[in-house]
Amino acid sequence: MSEMPPFVLFFLAAILVIGIRGPVRKIILLATPVIAALHIWLNIDPNILSTYSILNIELTLLRVDKLSLIFGYLFCLAGFLATIFALQVNDIKQEVSGLIYVGSTLGAVFAGDLITLFIFWELLSVSSVVFIWARGTERAIDAGMRYLIFQILSGLFLLAGALIHYQTTGSLVFEHIGLTGIASWLIFIAFGIKCAFPFLHTWLTDSYPEATPTGAVFLSVFTTKLAIYALARGFAGEEILIYIGLTMMCFPIFFAVIENDLRKTLSYSLINQLGFMVTGIGIGTALALNGAVSHAFSHVIYKSLLFMSMGAVLYRVGHIKASDLGGLYKTMPKTTTFCIVGALSISAFPLFSGFISKSMVMTALLKEGYSYGWLLALFASAGVLHHAGIKIPYFAFFAHDSGLRPKEAPVNMLIAMGLAAAICIFIGVQPQYLYALLPWEMEYWPYDMTHVLAQLQLLIFAALAFVWMTVRGIHPPELRSTNLDVEWFYRKLLPAGAHRGLIFLSNTRDMILKNTVAAMRNSRDSFFRWHISKYHLSESWPTGSMVLWISVMLVTYLLLDIFVYK
Amino acid sequence: MSEKKYFFDKPENIKWIIRVFYSICLLLVIADFILHRHTTMAWEEMPAFYAIYGFAAYVLLVVLSNILRKLVMRKENYYDE
């Protein structure tokens with residue numbers, strides 16, 4: 001029993017719910033993550049390795065250490081919250097794929113070798129796309145297809161990297177890899193695609209806003225944080241990750257500021273938050289790695305809380321455009337309150353969860369002497385306050401009154417948001433419980449006078465800039481728009497280029513055919529006008545007679561070979 | 001009046017909130033002169049460094065995003081055409 005990997009529970013539940021309807025199905029959906037978490041806590045010993053041999057390859061389905069444990073608990077908890085939020089959805093496709101999605105993420109977290117990781121990596125992609133396609137719109141189906149292409153590509157890089165790694169080292173064990181050769185780079189890119197590295201990030205901002213209101217909550221949790229886990233295990237301390245992380249922190253905030261679709265704003269904000277984790281992994285000290293892991297933990301909770309609140313608005317109003325929302329606090333006060341808790345947490349206000357985790361990465365940047373990196377991170381922190389801390393709650397629930405008077409969110413959504421908000425505050429006020437779970441040994445306490453004062457000054461004065469601009473009427477308005485990003489290259493330039501290319505090719509083909517066929521016709525005609533064409537041998541013969549004569553020739557050679565040249 | 005007046009519908013409430021907010025800002029700057037922050041960087045020693053940096057970062061962000069908007073903003077159904 002103690003060697004059963006937790007994903008088995010989810011896959012069994014997925015098979016079970018297909019045949020069951022009504023409240024019993026809902027109970028199974030809710031119970032699975034709870035049972036899985038209890039199973040990990042009670043039955044599984046830390047430092048266990050359970051391996052299975054298939055075709056002479058040792059597959060490690062269960063490798064437990066402190067790093068995989070904390071992510072295991074996190075994914076069970078987030079899966080539980082997202083399931084409560086999605087409880088009113090009666091769609092067997094989304095329910096089953098939700099179980100497989102969460103299960104495969106746990107499978108990947110506890111995978112001890114690269115092949116097992118690859119299998120779950122791909123299962124994750126295939127099961128998660130259902131949340132996008134289930135929306136049913138043409139945009140969603142196209143976006144889902146693009147999402148799937150990126151995800152499968154990531155899996156192919158991982159498989160290729162794993163095989164070359166096996167060729168060169170003779171081992172498939174998934175431990176620290178480091179950037180040393182072609183295999184490690186392939187694996188690095190595979191992780192990078194899933195982690196939304198700059199230029200590889202558009203699958204995320206393209207597809208998450210198209211997902212179903214409840215599906216986006218699932219999506220926001222698992223895929224990218226699994227990539228964070230994989231990077232932390234495989235590439236901790238690689239300096240290039242610091243620069244990638246700093247880029248991820250900074251560039252999305254500009255896009256988030258001008259984006260009108262609030263779930264797309266949250267998607268850009270997600271990349272910005274991943275930037276803090278990637279930077280922490282790149283620094284690679286115990287404090288920085290713990291910072292990355294704990295930030296992943298608090299991030300999952302407040303980011304799903306924010307996606308939940310926007311999902312609730314989308315569910316009630318039918319769209320999520322900042323330009324057309326406003327004044328919803330009047331009829332959705334509870335959703336508003338929970339959204340504000342999420343906004344305060346992501347902005348890292350003291351006493352909220354973001355503060356106790358992000359500050360570790362910031363401190364590590366300072367300690368290791370990356371002073372310009374630290375200034376950039378500080379800038380990004382002020383940026384988070386703008387797009388996630390102020391923009392999301394302000395334009396949805398306050399700002400100008402849109403006249404919309406939607407009903408408050410359904411009870412199950414409110415419960416999920418309430419629980420997530422409570423966890424955000426609990427982690428922020430009592431960080432020692434989260435710190436106890438962290439994989440590396442360290443001495444750190446976030447609440448000292450310097451730190452609290454500095455953070456409050458930064459955030460309150462950034463907010464002051466907002467208040468000042470709004471009161472003066474110079475704060476830029478939200479506009480209905482599409483903003484171009486890297487995806488323009490494959491959604492506009494490539495199709496347009498391909499279209500032009502096809503037209504050019506077909507014109508060339510027509511021209512070549514016309515000219516060569518005409519030339520052949522002319523030469524044939526002129527040949528027929530010649531007197532030699534009247535002779536028997538120059539007539540065109542049927543193919544059959546040619547085959548006959550060739551066989552006669554071959555038989556003659558055969559006979560000659562047998563009887564003459566002995 | 002057909003509809004009930006909500007909290008933020010009354011201008012005096014907003015005025016009151018903004019006043020409290022400004023006083024918090026003032027208190028935070030005053031605190032910087034009374035309390036001593038530990039510093040690692042030379043920049044941090046400047047009085048109210050974080051306050052100035054936060055304000056400036058926010059304004060810079062908004063200004064730069066407005067420039068970005070000029071470059072990348074298209075119609076809402078740009079990709080659907």
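Q: Among contacts in chain A between residues at least 6 apart in sequence, what percentage join residues at least 24 apart?
A: It's 81% of them. A contact here means that the C-beta atoms of two residues, placed from the backbone, lie within 7 Å. Keep in mind that this is a predicted model, where local features need pLDDT of at least 70, side-chain atom pairs count only at pLDDT 80 or more, and totals for chains, interfaces and linings use all residues. Residues are numbered from 1 along each chain as its sequence is written, with chains lettered from A and ligands numbered from 1 in the order in which they are written.

Q: How do you know how confident the predictor is about chain A?
A: Look at pLDDT, the predictor's confidence in each residue on a scale from 0 to 100. Chain A averages 91, and 99% of its residues score at least 70. Among its elements, strand S1 (residues 49-54) has the lowest mean, 72, while H17(A) has the highest, 96.

Q: Why is Ala380(A) called buried?
A: Buried means that 20 or more other C-beta atoms lie within 10 Å of a residue's own; 12 or fewer makes it exposed, anything in between partly exposed, with C-beta atoms placed from the backbone. Ala380(A) has 25 within 10 Å, so it is buried. This residue sits in helix H16 of chain A. Leaving aside residues up to four places away in sequence, Ala380(A) touches Met249(A), Cys250(A), Ile253(A), Asn272(A) and Gly275(A). Across chain A, 52% of the 566 residues count as buried.

Q: What makes the span of helix H14 (residues 333-346) of chain A close to the expected one?
A: Helices (H or I, at least four residues) and strands (E, at least two) are DSSP runs, numbered from the N terminus. The expected span of a helix is 1.5 Å times one less than its number of residues. H14(A) has 14 residues and reaches 20 Å from its first C-alpha to its last, close to the 20 Å expected. Its buried residues include Phe338(A), Val341(A) and Leu344(A), and their cover includes helices H13 (286-317), H15 (353-367), H16 (371-397) and H17 (411-429) of chain A. Just after H14(A), Ala348(A) takes a positive phi of about 65 degrees.

Q: How do you know that S1(A) and strand S2 (residues 57-63) of chain A pair?
A: Two strands pair if DSSP finds at least two bridges between them. S1(A) and S2(A) have six, in the antiparallel sense. In their hairpin, which has two residues between the strands, Leu55(A) takes a positive phi near 50 degrees.

Q: What makes strand S3 (residues 482-483) of chain A and S1(B) a pair?
A: Two bridges, again in the antiparallel sense. The bridge partner of Thr482(A) in S1(B) is Arg74(B).

Q: Which elements of chain B supply residues of the side that touches chain A?
A: In all, 37 residues of chain B are in contact with 36 residues of chain A. Helix H1 (11-34), helix H2 (49-72) and strand S1 (73-74) of chain B each supply at least two residues of that side, with the largest share, 16 residues, coming from H2(B).

Q: How are the residues of the side of chain B that touches chain A divided?
A: Ala, Val, Leu, Ile, Met, Phe, Trp, Tyr, Cys and Pro count as nonpolar, Asp, Glu, Lys and Arg as charged, and the others, Gly among them, as polar. On that basis there are 26 nonpolar, five polar and six charged residues.
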